[in-house]
Amino acid sequence: RSVWVWVARGDQAGRLLSKRPNSELIMAEQQMVELLTALQNPDNNVRQKAETMYQQAKQGSPNDLMVGLISVLAKADAAENVKRHDCVLLRQLMSKGAEKDFVYAKVPLQGQQQIAAQLLALFENEANPKLQKKIGDVIAKLAEYVCDKDDPRGSLQPGTNGWPALLPVVFRLANTATAKSMESCESALTLLKDCVSTLKDDITNAQVEL
């Protein structure tokens, strides 16, 4: 079974990489791109086959599926429409609801922590404003689960607000003095607004950061 580890690469978005040879990793990423493309195919037969494979992965390989979807967002040459659909699926997989669809909860804690760290890195380093906001949507949905004070089971770090790394990154990007661009600042402010219902007290207490 593949073992996935977090690898940070300077100021680039980090990536979740397996201990398999690079050629196998590239093949796995390409297969995920092909699956995402097939899920949007206008041909019903192609789309239905892809949907069957996707559902099987949700049930049989939740960790590999999540890692695969994240890796596509980190793939520089993946098409924008593929990444946008990727974000839609990630958001669904991180939404509390039917057990069979709430795939994120099936990932071991270490994997959840790596996924959360990767999403923040991708959000911070994404140069395309539209994609950055889509990644922000995924982060906001994940925060609803991991920062739920009434249900701490999803906490990424017990004894904290659930995701201690989240707000410092968002505040830094929302600050015009430290933001990389106005577009990035706007994306961060949108994400901050989307997190208000989940982290209202933490945001209020940390307003001095803005």
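Biologist: What pLDDT does the chain average, and what share of the residues score at least 70?

Modeller: The chain averages a pLDDT of 85, and 85% of the residues score at least 70, where pLDDT is the predictor's confidence in each residue, from 0 to 100. This is a predicted model, in which local features need pLDDT of at least 70, side-chain atom pairs count only at pLDDT 80 or more, and totals for chains, interfaces and linings use all residues. Residues are numbered from 1 along each chain as its sequence is written, and side-chain values use heavy atoms, with hydrogens and water left out.

Biologist: Which elements have the lowest and the highest mean pLDDT?

Modeller: Strand 1 (residues 4-9) has the lowest, 28, and helix 6 (residues 129-146) the highest, 97. Over residues 1-25 the pLDDT is below 50, although this stretch has 53 contacts in the model beyond near neighbours in sequence, a contact being heavy atoms within 4.5 Å. Where pLDDT is low, the predicted coordinates should not be read in detail.

Biologist: Why is helix 3 called largely enclosed?

Modeller: Buried means under 20% relative accessible area, exposed over 50% and partly exposed in between, with a 1.4 Å probe and protein chains only. By that rule 11 of the 12 residues of helix 3 are buried, so the rest of the structure largely encloses this helix; among them are P62, L65 and V72.

Biologist: What makes residues 62-73 a helix, and what span do they reach?

Modeller: Helices are DSSP runs of H or I with at least four residues, strands runs of E with at least two, numbered from the N terminus. Helix 3 has 12 residues, and its reach of 17 Å from first C-alpha to last is close to the 16 Å expected at 1.5 Å a residue, the expected span being 1.5 Å times one less than the number of residues.
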